[in-house]
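Please keep the viewer open while reading.

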Amino acid sequence: MRFLLLGLILALSLCNLPVWAEGPDAADARALLHLDGAVTVDRTDEGVPGWTVSQDGVVVGYLGSTWEVAQSVGYSGRPLEVWLGLTPEARIAGARLVRHSEPVLTLGISDQDIAAYVAGFEGYDLRAPVPDGSALPQVISRATVSTGVIRDGVLRTARALAAGRGLFDLGGGVDRLTWQPADWGALIVIGALAERRVSMTEAAEALRGAKVPVEPGEGDFLHLWVGLIDPPTVGQNLLGQQGYTAAVGSLGRGESVLMIASRGVQSHRGTDWRRSGVFDRVTVVQGQTRWTPDEASYTRIDRLRIDGAPEVKEVSLFRLPADLDPLMPMQVEVTATRPGAPEMVIAAPYTLPDAFRTAPPPEPEPLWRSAWRDDRLAVGVTATLLAVLALVFLGQEALTHRPVLWRRVRLVYLSVTLVVLGGGLGGQLSVVQVVAFLHSLLNGFHWETFLVEPVIFLLWGFVALGLLFWGRGVYCGWLCPFGALQELLNAAAVRLGVKQIAVPQALHERLWIIKYTLFVAIVALSFYSMTNALILAEAEPFKTAITLRFLRAWPFVLFVVALLLAGLFIERFFCRYLCPLGAGLAIPAKLKIFDWLHRRPQCGRECRLCHTKCTVGAIDGVGRINPNECVLCLRCQVIMNDCATCPVLKRRARTDGGL
C-alpha cells in the first residue's frame, strides 16, 4: 500500500511539472511600467533573462519573472511567479502576481489580499538603504511564509535584473578614490553631513526639573553635524590632504571614520572620558548594534579646513569598527544629563549618500532572520516547552512510578499547550504543511521558506526527531493544541460524571480507515488541484478552533462544536478516526528506532487492564501497543508500575507475602 501511494504521488508530480507562464506582452509592459503609447518588448536570454521595453527607440524599462530568475517556490511547494517592472533608475515601477498555489484561502485570506501585497512593492528604490524593510510592504498575518517568499523573490529578481542591465555595480563599497572640490554648503546639500540642532528652549523643556534649570532661549544648546569622512570628497575637503591621510591611513579592514562636529552649551565629548577612557555621551546605533567610542578610537581635530564651515566648538573623529557597516544607515546619539532631570537623547540619523558608493546598499535582512530575531520570546517559550517534554519522555520511568505527579504534569502540560502554544503562539501544525513539504521536496526545497515561521519550524523539527525516537504520539499526545482541547474537555466531562462510550474493537479498527483515506486523498488531490486539496483539508478543525479562534462562518463552527461534543463521550474522537495529520505522522513513525513503552509477558494474557484503560484504544486485546494510534500519554506505564492497580504486581505481592 505504501509503495502504491508513493508511485501515485510520483506519477501525479511528473504530470504536473511547473511550466513558465507566457511572457509579458506590450499591454503588460505598459501596465507594469506605467507607460502610455506604443512600446516594444524584446526578449533577453543572455545573462539574467528578462525583457527589455523600448519606446521610440529608447529603453524605458525592464521586465523580469521571479520564477524564471529566482526560481521562487511558495509555501505550497509549487512555483510562485510575480512579474515586475524596473525603471532605468533601478526603481520597481510595478509588480503583478501571475500565479500561485498557496494555501492562504484556508486562512481567510483572498487572492486580492495577496495581489495587493505584491502591488505594494511599487516605488521601491533598489539604491536606497532600507535595512529595516520600512519601505517594503508588511507581511500578511497568517500568510507569513507565502508573503515572505514573494518578498524574497521580488527583491532577488529586481537586484539581479538591475545588476544584469548595468543599473548598478555589485562590487565595491564606499568610494575612497574619487575626489571633487566642495565647500561646506555643497556637502550639506548632497547629504554628506547630517545636521541636528536643539535650541535652549527645547532643552529647557526636555530637562525640566533639573536642579540647575536650563535657561530658555533661541541660542544653541547643541548644534550637531555628523558624517563619514572616508570618501575623499568629504574627508579631504574637511580636513585637508594631510589631515585626511592621517585619519584614514591606519584603518583596518572594514573600518571607517565618523566625524562629529558641534557647538553650543552642551559638549558632545564632555570631560569624563579623560578619566574613564569612554565617551559615554556618544552612542552610534545601527540596527541592533549600539557602539560607544573609547579613547583608542578618538582623534581630536582643532579646526576644519573647508570653505564656508560654520564656527564650531568641538570636532572629533571616531574610528568605527567593522561591526558597523558604512553602507547601512546609522544614528548618532548624544546624551545630555542634568541632576534632577531625565536624560535627553539628541539623535542625528545618517546615511552615506549614493554619490559616495560604488555599490548599492546591502539587501534588506532576509525575512526569516528578522522573524527569528523579532520572535525571540516565542522561540524561547517554544524551546522551553520542547525541552520539558523531552525530559518527560527521558525520565518517564521516574514519572510513571508516581501516578499523582504524572496526572498533574500531564494536565498542566496540556493546558499550557492549549493556551500558550495554540492560543498565544499559533503553534498548530496541519496536514497542509505536510502537503507543502512534499511539494517542496519534488519542486525545489528551500529552507528559507519554512524558517519564516520560527514556532512552526521548531515544532516540526522536534516532531521529526520524535518520530524516530518515540513515534507520532510526541505531537499528537502532547503538542497538538486541538488534541489538548479535546482531552481537557473530556477530563472535565468525566469529572462531571458523563458516561463514556466504549467503541467495540472491531468497529474501532475499521473507523481508522477514514483518516488514512482522507490523508491520501488530500495529498493525491494536491497534485491535481491545490485549491481543491485545501478545501478537502477543511476536514481539520484546527484553523477554526485554534488559528481563527472560532471567528468563522457558522458551518465551520458547528462542525468543530460537533467534534468536541463527540469527544465528551469518546475521548479524542477526532484524533482517533478523522485526523489526516495524525494519519500522515503515523506513516513515517514506523521508522522509529526505540521502543520506550514496556510490556510484560502477562499483558494481554493474564491481564487486560491496560487494554480497557487506554483512552484512545491503542492497545489491542492481546496487549500489543499500536504505535500508529498511541498518543504516548503514558497511562499504561503508570498502570503497570502501580502496585495498587496492576493485577500482575498485586498477585506478585500476595505471593511474596505468603512466602
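Which residues of helix α10 (residues 367-374) are buried? They are Leu-367, Ser-370 and Ala-371. Buried here means under 20% relative accessible area, exposed means over 50%, and partly exposed lies in between, with a 1.4 Å probe and protein chains only. Helices (H or I, at least four residues) and strands (E, at least two) are DSSP runs numbered from the N terminus. Seen down the axis of α10, the buried residues fall within an arc of 105°, so they line one face of the helix; the arc is that of the directions from the helix axis to the C-beta atoms.

The model is predicted: local features need pLDDT of at least 70 and side-chain atom pairs count only at pLDDT 80 or more, while totals for chains, interfaces and linings use all residues. Residues are numbered from 1 along each chain as its sequence is written, and side-chain values use heavy atoms, with hydrogens and water left out.

Next comes the nonpolar packing. A nonpolar core is a set of buried Ala, Val, Leu, Ile, Met, Phe, Trp, Tyr and Cys residues joined through side-chain atoms within 4.5 Å. The largest one has 68 residues, and Tyr-475, Trp-478, Leu-479, Phe-482 and Leu-581 have the most contacts inside it. Helix α11 (residues 376-394) provides the largest share of this core, eight residues. Apart from it lies another core, of 55 residues, including Trp-225, Trp-291, Ala-348 and Tyr-350.

Leu-479 shows the packing in detail. With residues up to four places away in sequence not counted, Leu-479 touches Leu-386, Leu-389, Tyr-413, Thr-417, Leu-421, Gly-427, Leu-459, Phe-462 and Val-474. Contact means heavy atoms within 4.5 Å.

How many cavities of 30 Å³ or more does the structure hold? There are five. A cavity is a set of points, on a 1 Å grid over the protein atoms alone, where a 1.4 Å probe fits but cannot get out; lining residues have an atom within 4 Å of a point. Grid points are joined across faces, edges and corners, and a volume is the space filled by probe spheres set on the points.

The largest cavity has a volume of about 120 Å³. It is lined by 15 residues, of which Cys-614, Ile-619, Cys-630, Cys-633 and Cys-636 lie nearest its centre. The lining divides into twelve nonpolar, one polar and two charged residues. In this count Ala, Val, Leu, Ile, Met, Phe, Trp, Tyr, Cys and Pro are nonpolar, Asp, Glu, Lys and Arg are charged, and the others, Gly among them, are polar.

The second largest cavity holds about 80 Å³ of space. Of the 15 residues that line it, Arg-599, Cys-603, Cys-607, Leu-609 and Cys-610 are the closest to its centre. Helices α25 (609-613), α26 (635-641) and α27 (647-658) each supply at least two lining residues, and α25 gives the most, with three.

Two arginines have positive phi. Arg-549, in the loop between α21 (542-547) and α22 (554-569), has phi of about 55° and counts as exposed at 54% relative accessibility. Arg-572, in the loop between α22 and α23 (573-577), has phi near 55°, but Arg-572 is buried, with a relative accessible area of 0%.

Within α22 itself lies Gly-567, which is buried at 3% relative accessibility. Leaving aside neighbours within four places in sequence, Gly-567 is in contact with Asn-490 and Phe-573. The C-alpha atoms of Gly-567 and Ala-493 are separated by 9.4 Å, although these residues are 74 apart along the chain.

Conventions
1 Å grid on protein atoms, 1.4 Å probe; cavity = no way out; pocket = protein on both sides within 12 Å on 5 of 7 lines; lining within 4 Å.
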